[in-house]
Amino acid sequence: MENPCFYGALQALERLKLKALSIATDVKEGIDLDALVQALQHYPVKACWLMTNSQNPLGFTLTPEKKARLIEILTAHNVTLIEDDVYSELYFGREKPLPAKAWDKQDMTLHCSSFSKCLVPGSASVGLRRASTLAAFSIYN
């Protein structure tokens, strides 16, 4: 996980009794991919939970080149990416950035998104989860 990361993500891991591994993150550039490679070489990482677009709390968006390299690294280490993309709908530029899932040719990315942030900010939560062959909607309060 990026450091810092969204506190709710840490709470979710704690509830599941999973361990989080902190990876250095730059305010402007995002996750340090060299630090990620070192962590993957030294720890039995099964999945990597990251926000590639509009990261919370820092707000950065990874460049397309960095997203491609991230997918390359995780694929080489057989690590699934859980891409938390819930804030991508808040992007205010000309073209919304693609998720890292766009570079994944091995179906090793679970892309998680939401449109409730722009639909009804602060109330109901509507989530969308997309895997290679699965599209599921979860609606809850």
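A pocket is taken here as an open set of points, on a 1 Å grid over the protein atoms alone, with protein on both sides within 12 Å along at least five of seven lines, while a cavity is a set of points where a 1.4 Å probe fits but cannot get out; lining residues have an atom within 4 Å of a point. Grid points are joined across faces, edges and corners, and a volume is the space filled by probe spheres set on the points. The model is a predicted one, in which local features need pLDDT of at least 70 and side-chain atom pairs count only at pLDDT 80 or more, whereas totals for chains, interfaces and linings use all residues. Residues are numbered from 1 along each chain as its sequence is written, and side-chain values use heavy atoms, with hydrogens and water left out.

To begin with the overall layout, the protein chain contains 4 helices and 8 strands. These are DSSP runs numbered from the N terminus, helices being H or I with at least four residues and strands E with at least two. Read from the N terminus, the order of elements is β-α-β-β-α-β-α-β-β-α-β-β. Of the 141 residues in the protein chain, 38% are buried, where buried means under 20% relative accessible area, exposed over 50% and partly exposed in between (1.4 Å probe, protein chains only).

The second largest pocket holds about 520 Å³ of space. It is lined by 20 residues, and Lys19, Ala20, Leu21, Val45 and Ala47 come closest to its centre. At least two lining residues come from each of α1 (7-15), α2 (33-42) and β4 (47-50). The lining of this pocket comprises 18 nonpolar residues, 2 charged ones and no polar ones; Ala, Val, Leu, Ile, Met, Phe, Trp, Tyr, Cys and Pro count as nonpolar, Asp, Glu, Lys and Arg as charged, and the others, Gly among them, as polar.

Around the largest cavity stand Met1, Glu2, Cys5, Phe6, Ala9, Trp49, Met51 and Asp84, of which 6 are nonpolar, 2 charged and none polar.

The pairing of β1 with β2 is parallel, over 2 bridges. Strand β2 (residues 23-26) runs antiparallel to β3, again with 2 bridges, and a hairpin of 3 residues connects the two. Here Asp26 faces Gly30 in β3. On β2, Ile23 and Thr25 form the covered face, and Ala24 and Asp26 the uncovered one.

Buried in α3 are Lys66, Lys67, Leu70, Ile71, Ile73 and Leu74. These residues lie on the same side of α3 because they cover an arc of only 165° around the axis, the arc being that of the directions from the helix axis to the C-beta atoms. Glu65 and Ala76, on the other side of α3, are exposed.

Methods. Two strands pair if DSSP finds at least two bridges between them.
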